Amino acid sequence: MSSISLKAAFLQPCNPLLSLKRFRGKINIQRPRAPHYERARVLELVKPIYKEPEFNAPCFDTKKEKLAVVENTYEKIIAREVRNWLDQSSIVAFIHLNSIKQEDFFKAQVALHRYQMSVKVYGKSIIRQAVENTKYEAIQPLFLTKTALVFGPDETKVKQLLNVLKKTPQFVLVAGIINGQFLSKNEFVNFASLPDLTTARAQLAAILSSTGAQIVSDLEGHQNQLVNVLEAFVRHEKSKTADSSSDGTENSNV
């Protein structure tokens with residue numbers, strides 16, 4: 001009785017035997033079953049179509065065929081945007097980007113945004129589509145490396161742009177465009193030292209007025225000198241006449 005209780009208390013675990021079958025019957029590899037109608041339609045739709053080779057075509061074609069360039073619609077839209085930025089901006093600065101943290105890059109963007117300037121980074125293919133057969137075509141060699149563009153609406157804020165670039169050593173100025181004129185780095189920096197247009201016009205007007213006054217004074221110099229000489233001669237003659245008359249009156253009194 002004790003042996004029966006021990007067997008009941010400690011039951012032996014039973015591991016089930018599982019056998020997986022994909023189909024009810026054996027798979028026929030030589031004659032597989034036809035797919036479902038909907039699946040057959042999809043398979044027929046996506047079936048690749050290969051060009052049949054010519055009968056006498058060589059195994060290896062020695063002529064290199066040009067690969068057809070697939071037009072990217074999104075790149076065309078971005079290229080139009082780049083062209084619009086180039087046409088509408090008074091300041092365009094080309095910046096070589098060194099290794100920089102995203103946090104530092106964001107700080108530079110914020111600093112330039114205070115002066116209404118925007119930083120943009122584009123790829124070579126987009127730049128090529130944007131400037132091909134235009135007056136900006138000469139900027140393509142600048143994008144052989146990673147280059148950023150800074151666009152600004154006011155050319156009087158070149159000095160502020162240079163100050164931001166000094167505080168961000170990862171940004172290296174390469175060249176620029178101001179009012180449609182291509183400038184080198186030195187010319188771009190020298191432009192910042194020039195006065196604004198109103199001050200330059202006032203200086204030009206002052207120079208022109210001073211030059212005109214100098215010309216008038218030069219033309220009237222000989223006449224004024226002649227008048228002064230004649231006035232001095234008349235005063236001298238009057239003084240001689242007065243002296244002679246005074247001498248005559250003294251003699252008569254004597």
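This is a predicted model: local features need pLDDT of at least 70, side-chain atom pairs count only at pLDDT 80 or more; totals for chains, interfaces and linings use all residues.
Two packed helices are described by the angle between their axes and the distance between the axes. Helix α3 (residues 73-88) packs with helix α5 (residues 124-131) at about 60°, and their axes are 8 Å apart. The two are therefore oblique to each other, and α3 passes α5 in a right-handed crossing. For helix α6 (residues 158-167) and helix α7 (residues 185-192), the axes come within 8 Å and cross at roughly 120°. Angles of 65 to 115 degrees count as roughly perpendicular and those over 145 as roughly antiparallel, so α6 and α7 are oblique to each other. Their crossing is left-handed.

Side chains of opposite charge can pair when their charged atoms come close. The count of salt bridges comes to five. One of them joins Asp-87 to Arg-83, with the closest N and O atoms 3.3 Å apart. These residues are four apart in helix α3, so about one helical turn separates them. Asp-87 is partly exposed at 41% relative accessibility, as is Arg-83 at 31%. Glu-132 and Arg-128 also meet through their side chains in a salt bridge, at 3.9 Å from N to O. Glu-132 has a relative accessible area of 40% and Arg-128 has 38%.

Helix α2 holds both Glu-38 and Arg-41, three residues apart, or about one turn. Glu-38 forms a salt bridge with Arg-41, at 3.7 Å between the closest N and O atoms. Leu-43 is also placed in helix α2 (residues 37-45). Together with Val-42, Leu-45 and Val-46, Leu-43 forms a nonpolar surface patch of about 420 Å² accessible area. Because its relative accessibility is 43%, Leu-43 counts as partly exposed.

Terms used. Residues are numbered from 1 along each chain as its sequence is written. Side-chain values use heavy atoms; hydrogens and water are left out. Patches are made of residues with over 30% relative accessible area and no salt bridge: like charges are joined within 9 Å, nonpolar side chains (Val, Leu, Ile, Met, Phe, Trp, Tyr) within 5 Å. Accessible areas come from the Shrake-Rupley method with a 1.4 Å probe; for residues, only the protein chains shown count as cover. A salt bridge is a side-chain nitrogen of Lys or Arg within 4 Å of a carboxyl oxygen of Asp or Glu. Buried means under 20% relative accessible area, exposed over 50%, partly exposed in between (1.4 Å probe, protein chains only). Axes are lines fitted to C-alpha atoms, for helices over the stretch in contact, and angles run from 0 to 180 degrees between N-to-C directions. Angles under 35 degrees count as roughly parallel, over 145 as roughly antiparallel, 65 to 115 as roughly perpendicular and the rest as oblique. A crossing is left-handed if the near helix is turned anticlockwise from the far one by less than a right angle, and right-handed if clockwise.
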